[in-house]
There are 2 protein chains.
Amino acid sequence: MLITEMSHQASLDLLARKRLGRLACAQGSQPYVVPFYFAYYDCSLYSFSTVGKKIEWMRANPLVCVEVDDVVDSHEWTSVVVSGCYEELPDTPRWQSERDFAVSLLQQYAMWWEPALAKTLLHGTERPLVPIFYRIHVVGISGRRATL
Amino acid sequence: MLITEMSHQASLDLLARKRLGRLACAQGSQPYVVPFYFAYYDCSLYSFSTVGKKIEWMRANPLVCVEVDDVVDSHEWTSVVVSGCYEELPDTPRWQSERDFAVSLLQQYAMWWEPALAKTLLHGTERPLVPIFYRIHVVGISGRRATL
């Protein structure tokens, strides 16, 4: 088995092809990582969520990391790691065009609406269903490929 | 679709059943997340790696986060998030019994040896193949399940 670096373009191609990734943020020196769905366009990963721990942490510290992979098995996989910067797209006139773009991009994958806005029962109470749209600017990217 | 909290035991059961997770660490306020293989035993996740960015970062800041999931599709999944603490198991007399235990546990999954110790060509140079054994103590755990 050999692990090699992927080219910049091959790494971006993986982002464009995949929808499920893992998003890491940090508060102080404590990291936090969760799965998320996204759509890549022009050096940004677009997504949305209801308010919760990850949104609150990214609002306070916009430095994030995203990992996206394609795992066949432990011997054959590709993995791309993005260091990025969180930017919220609020429902205000200043952000309307970016927000409209994000909505139109994400609407191409209609099934996503349901998970992120699913009825969420946590600690016995329902979470508000207001969607927060955001994008992660790709600041750095690297990819590795394992082959037999 | 409904998202609910998993019980503590159900969350631990997922850790015990799965081998592939995503491990997040942080340097300053910059998080970093990569896929990794692990074996769960008695409130710890055991793994090993060659020296690289994640080992260096975890040595400097042992606070980590691990995400493990079982995704059928965007409507049916379980995801467990562990906040944890990194502990290295060096090849010294003080750590020999813990290290021997880690090796015996991980040897049950012999195929893992190959990926973590694969010939890695990065920036045109080979990386040293000395294995670093470590465990992540589970400090906190939470799990969510999405069902239709």
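User: Okay, two strands count as paired if DSSP finds at least two bridges between them. With that in hand, which residue in β10(B) is the bridge partner of E88(B)?
Analyst: Y134(B) is the bridge partner of E88(B). Keep in mind that this is a predicted model.

User: How many bridges hold β7(B) and β10(B) together, and in which sense do they pair?
Analyst: There are 12 bridges between β7(B) and β10(B), and the pairing is antiparallel.

User: What about β5(B) and β10(B)?
Analyst: Also antiparallel, with 6 bridges between β5(B) and β10(B). In that pairing, F48(B) sits opposite F133(B) of β10(B).

User: And β1(B), how many bridges join that one to β10(B)?
Analyst: Strand β1 of chain B (residues 2-5) is joined to β10 of chain B (residues 132-147) by 4 bridges, running antiparallel. Within β10(B), T147(B) is the bridge partner of L2(B).

User: Switching to helices. Which residues of α2(B) are buried?
Analyst: K54(B), W57(B) and M58(B) are buried in α2(B), which spans residues 53-60. They lie on the same side of the helix, because the arc they cover around the axis is only 95 degrees.

User: What covers them?
Analyst: The cover over the buried residues of α2(B) includes strands β2 (20-27), β3 (30-37), β5 (44-49), β6 (63-73) and β7 (76-88), from chain B.

User: Now α2 in chain A. Is I55(A) buried or partly exposed?
Analyst: I55(A) is in helix α2 of chain A, residues 53-60. Being buried takes 20 or more other C-beta atoms within 10 Å. I55(A) has 17 such neighbours, so it counts as partly exposed.

User: What does I55(A) touch?
Analyst: Leaving aside residues up to four places away in sequence, I55(A) touches S49(A) and I132(A). Its C-alpha is 9.4 Å from that of Y86(A), 31 residues apart along the chain.

User: On to the core. How many residues are in the largest nonpolar one?
Analyst: 68 residues. Among those with the most contacts inside that core are A24(A), Y32(A), A24(B) and V64(B).

User: What does V64(B) touch?
Analyst: Not counting residues up to four places away in sequence, V64(B) touches P31(A) from chain A, and its chain B contacts include L23(B), A24(B), M58(B), Y86(B) and I136(B).

Note on methods:
Residues are numbered from 1 along each chain as its sequence is written. Chains are lettered from A and ligands numbered from 1 in the order in which they are written. This is a predicted model: local features need pLDDT of at least 70, side-chain atom pairs count only at pLDDT 80 or more; totals for chains, interfaces and linings use all residues. A residue is buried if 20 or more other C-beta atoms lie within 10 Å of its own, exposed if 12 or fewer, and partly exposed in between; C-beta atoms are placed from the backbone. Helices (H or I, at least four residues) and strands (E, at least two) are DSSP runs, numbered from the N terminus. The arc is that of the directions from the helix axis to the C-beta atoms. Two residues are in contact if their C-beta atoms, placed from the backbone, lie within 7 Å. A nonpolar core is a set of buried Ala, Val, Leu, Ile, Met, Phe, Trp, Tyr and Cys residues joined through C-beta atoms within 7 Å.
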